[in-house]
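Come along while I look around its ligands.

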Amino acid sequence: MNIHEYQAKQLFEKFGVASPKGIVASTAEEAGKAAREIGGPGLVVKAQVHAGGRGKGTFKNGFKGGVHVVDTPEQAEEIAGQMLGQTLVTHQTGPEGKLVSKVLIAKAVDITKEYYFAILFDRVSSNHAIIASTEGGMNIEEVAEKTPEKITKEFINPALGLQPYQCRKVAASLGLQGPLANQAVKLFSALWNLYLKADCSLVEINPLAITTDGQVVALDAKFNFDDNALYRQKDVTAMRDTTEEDPREVAASEFGLNYIGLDGNIACLVNGAGLAMSTMDIIKFHGGEPANFLDVGGGATKEQVTAAFKIILGDPKVEGILVNIFGGIMDCDIIANGIIAAAKEVSLTIPLVVRLEGNNVEAGKATLAASGLKITSASDLTDAAQKIVAAVKAA
Ligand code: GDP
Ligand code: MN
């Protein structure tokens with residue numbers, strides 16, 4: 001799960017991470033009011049979308065930049081009016097862009113230097129890690145590729161937590177000394193505390209800025225949270241903005257389905273994440289392109305299978321469906337009934353290949369055969385992949 005920058009600022013405030021004051025606004029008028037409350041000169045207007053690269057982004061109507069530094073509250077109001085209701089395209093949004101329905105008005109600071117600072121979960125080492133760089137405000141993937149020597153990595157042992165000496169080491173690696181180093185150390189440990197307490201899997205500050213009056217402040221924020229810990233993070237869960245998420249993924253999560261939309265045309269409905277991955281692989285192996293990852297879980301109900309079909313068919317790119325179910329916990333006949341109910345309810349017109357295996361498979365196959373629906377049965381994974389790829393090509 002992600003949150004907006006204005007919400008991240010609320011967390012910063014709660015945990016004592018230094019960041020300029022900001023107020024969120026949904027209309028130009030509100031933005032003007034917020035700007036007057038914060039007071040000029042020097043304000044920044046920032047489009048609130050779940051994507052980075054806003055500064056260099058362009059709105060679909062041609063207006064340039066999702067981050068503007070302005071002088072007066074009147075200018076802030078004017079710029080907010082240009083952004084609100086418009087679609088911002090950045091290198092992270094994809095060509096379809098993201099609709100801006102909120103802007104953040106914040107006190108602008110005068111920057112002397114920008115840094116990159118992040119804490120994230122590092123799967124390879126099973127540690128948390130700090131990633132820091134003197135190349136702030138830039139795309140960190142690009143820095144990692146072109147000038148890897150400018151990136152510092154510091155691992156945090158989960159049992160010990162972030163130690164003060166590690167904070168000082170990272171500050172020194174960024175070339176910070178004296179009072180600046182002290183402020184940075186304080187900010188790093190506050191951010192670590194936040195990362196841990198809020199069950200984050202990523203907090204990224206790009207840029208972490210040094211101001212002309214000698215302050216170290218977080219000027220931007222990107223957060224990822226561990227979805228498995230959301231049950232104990234009520235405040236964080238309340239920040240979820242489903243309008244920013246893929247509507248198919250939102251619908252899937254309502255039914256307890258794991259769905260990720262992809263670019264291909266062959267939809268997959270599978271039980272179990274591992275089987276879902278191998279199904280996608282084998283579709284590709286036989287020359288097809290999967291339209292999604294969809295795991296209905298070990299104990300899917302008829303309602304879940306129907307919901308899954310509807311989500312799949314809501315994607316106009318889908319030209320065929322492959323159902324691959326291994327009846328371990330599940331009874332194949334229940335699945336077969338679910339498929340038939342769903343296919344009838346959504347009046348399926350595209351090719352459907354079903355491969356069932358396991359518990360009560362003979363009854364399941366008989367149910368499918370007796371349904372009178374145009375369903376192609378497959379005997380194994382290879383047969384299933386070949387049949388659906390061929391059916392989609394022929395259609
Ligand atoms: P992003 O483009 O989505 O990553 O948005 P950021 O919040 O990082 O803003 C982009 C850039 O705008 C930053 O790298 C800064 O250079 C600049 N910026 C943001 N806030 C301020 C500010 O308060 N003062 C000044 N002078 N520049 C700012
Ligand atoms: Mn940024």
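These are my notes on the two ligand sites.

**Entry: the model.** I remind myself that this is a predicted model.

**Entry: ligand 1, who is around it.** I looked up the neighbours of ligand 1 and found 17 residues surrounding it. Lys46, Arg54, Gly55, Val109 and Glu114 are the closest. Sorted by class, the shell holds eight nonpolar, five polar and four charged residues.

**Entry: polar contacts.** Which atoms reach the oxygen atoms of ligand 1? I found a polar side-chain atom of Lys46 at 2.6 Å from an oxygen atom of the ligand. Glu114 also places a polar side-chain atom 2.6 Å from a ligand oxygen. With Gly53 the backbone is involved: one of its N or O atoms lies 3.2 Å from an oxygen atom of ligand 1.

**Entry: cover.** On its own, ligand 1 has 560 Å² of accessible area, and I see that the protein covers 80% of it. I then checked which elements give two or more residues to the shell, and they are β2 (43-47), β4 (67-70), β8 (111-122) and β11 (200-211).

**Entry: the manganese ion.** Next I turned to ligand 2, a manganese ion. Which protein atoms are its donors? I noted Asn206 (O) and Asp220 (OD), at 2.1 to 2.2 Å from the ion. Asn206 sits in strand β11, while Asp220 belongs to the loop between β12 (216-218) and β13 (222-225), so the pair ties together parts that are 14 residues apart in sequence.

**Entry: one last check.** Is Asn206 buried or exposed? Its relative accessible area is 15%, under the 20% cut-off, so I filed Asn206 as buried.

Terms used
Residues numbered from 1 in each chain as written. Chains lettered and ligands numbered in written order. Predicted model: local features only at pLDDT ≥ 70, side-chain atom pairs only at ≥ 80, totals over all residues. Heavy atoms only, no water. Near = heavy atom within 4 Å. Polar contact = N/O pair within 3.5 Å; in protein donor to acceptor, adjacent residues only side chain to side chain. Areas by Shrake-Rupley, 256 points an atom, 1.4 Å probe, with all protein chains shown as cover. Helix = DSSP H or I, 4+ residues; strand = E, 2+ residues; numbered from the N terminus. Nonpolar A, V, L, I, M, F, W, Y, C, P; charged D, E, K, R; others polar. Donors = N, O, S within 2.8 Å, 3.2 Å for Na, K, Ca; no water. Buried < 20%, exposed > 50% of the residue type's maximum accessible area, 1.4 Å probe, protein only.
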